[in-house]
Amino acid sequence: MAGKACCMLTPELFLSHRLLDGIWLLANENGTLKLHPSWLVKSFTKGLGFFNRVAKIAEWEGHHHPDLLLVGWNNVKIDVWTHAIGGLTENDFICCSDQLARSGRSSKKEESFKSIF
Ligand SMILES: C[C@H](O)[C@H](O)[C@H]1CNC2=NC(N)=NC(=O)C2=N1
């Protein structure tokens with residue numbers, strides 16, 4: 001993991017991960033690329049439980065911490081990017097991929113590759 005933190009996102013890297021690991025909402029926030037996977041949960045309490053699982057993975061993944069958002073009562077979002085470089089690295093895809101795999105769900109949104117690059 002640590003060795004991959006230097007790998008700034010390229011269109012090729014993004015595409016390869018997209019093909020391998022699934023589809024996440026990719027956002028460009030004032031020039032900073034971020035991954036925004038989101039899930040619907042059955043209750044507010046389950047959303048908080050989900051955050052606890054996310055936190056454990058984030059710690060286990062080498063202190064790679066996403067922003068956590070619980071919008072309304074059942075819309076759970078995590079914002080993943082590497083603060084240290086102000087953008088995405090391969091680490092972010094690995095962390096997202098693990099979060100998705102452990103949640104047992106697919107992210108529900110997709111944004112066009114072409115609209116980002
Ligand atoms: C020292 C400490 O590990 C770093 O500040 C970590 C903390 N968690 C982090 N989380 C994320 N998402 N990006 C970072 O660059 C980052 N840096």
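User: Where does Lys34 sit?
Analyst: Lys34 is in strand 2, residues 32-35. Strands here are DSSP E runs of at least two residues and helices are H or I runs of at least four, numbered from the N terminus. Bear in mind that this is a predicted model: local features need pLDDT of at least 70, side-chain atom pairs count only at pLDDT 80 or more, and totals for chains, interfaces and linings use all residues. Residues are numbered from 1 along each chain as its sequence is written.

User: Is Lys34 buried or exposed?
Analyst: Lys34 counts as buried, because it has 21 C-beta neighbours inside 10 Å. The cut-offs are 20 or more other C-beta atoms within 10 Å for buried, 12 or fewer for exposed and partly exposed in between, with C-beta atoms placed from the backbone.

User: And what is Lys34 in contact with, leaving aside neighbours within four places in sequence?
Analyst: Ala27, Glu29, Asp79, Val80 and Trp81. Contact means C-beta atoms, placed from the backbone, within 7 Å. Trp81 is 47 residues from Lys34 in sequence, yet their C-alpha atoms are 5.0 Å apart.

User: Switching to the sheet, what's the strand order?
Analyst: It's an open sheet of three strands, ordered 3-5-4, with antiparallel pairing; strands pair if DSSP finds at least two bridges between them. Strand 3 (38-40) and strand 4 (67-71) are at the edges with a single partner strand each, so one side of each has no neighbour in the sheet.

User: How many bridges on each side of strand 5?
Analyst: Five bridges join strand 4 to strand 5 (residues 75-79), and three join strand 3 to strand 5. Leu69 is opposite Lys77, while Trp39 has Val76 as its bridge partner.

User: Which residues make up the largest nonpolar core?
Analyst: There are twelve, among them Leu33, Val54, Ile78, Trp81 and Phe93. A core here is a set of buried Ala, Val, Leu, Ile, Met, Phe, Trp, Tyr and Cys residues joined through C-beta atoms within 7 Å. Helix 3 gives the largest share of this core, three residues.

Definitions and conventions:
Two residues are in contact if their C-beta atoms, placed from the backbone, lie within 7 Å.
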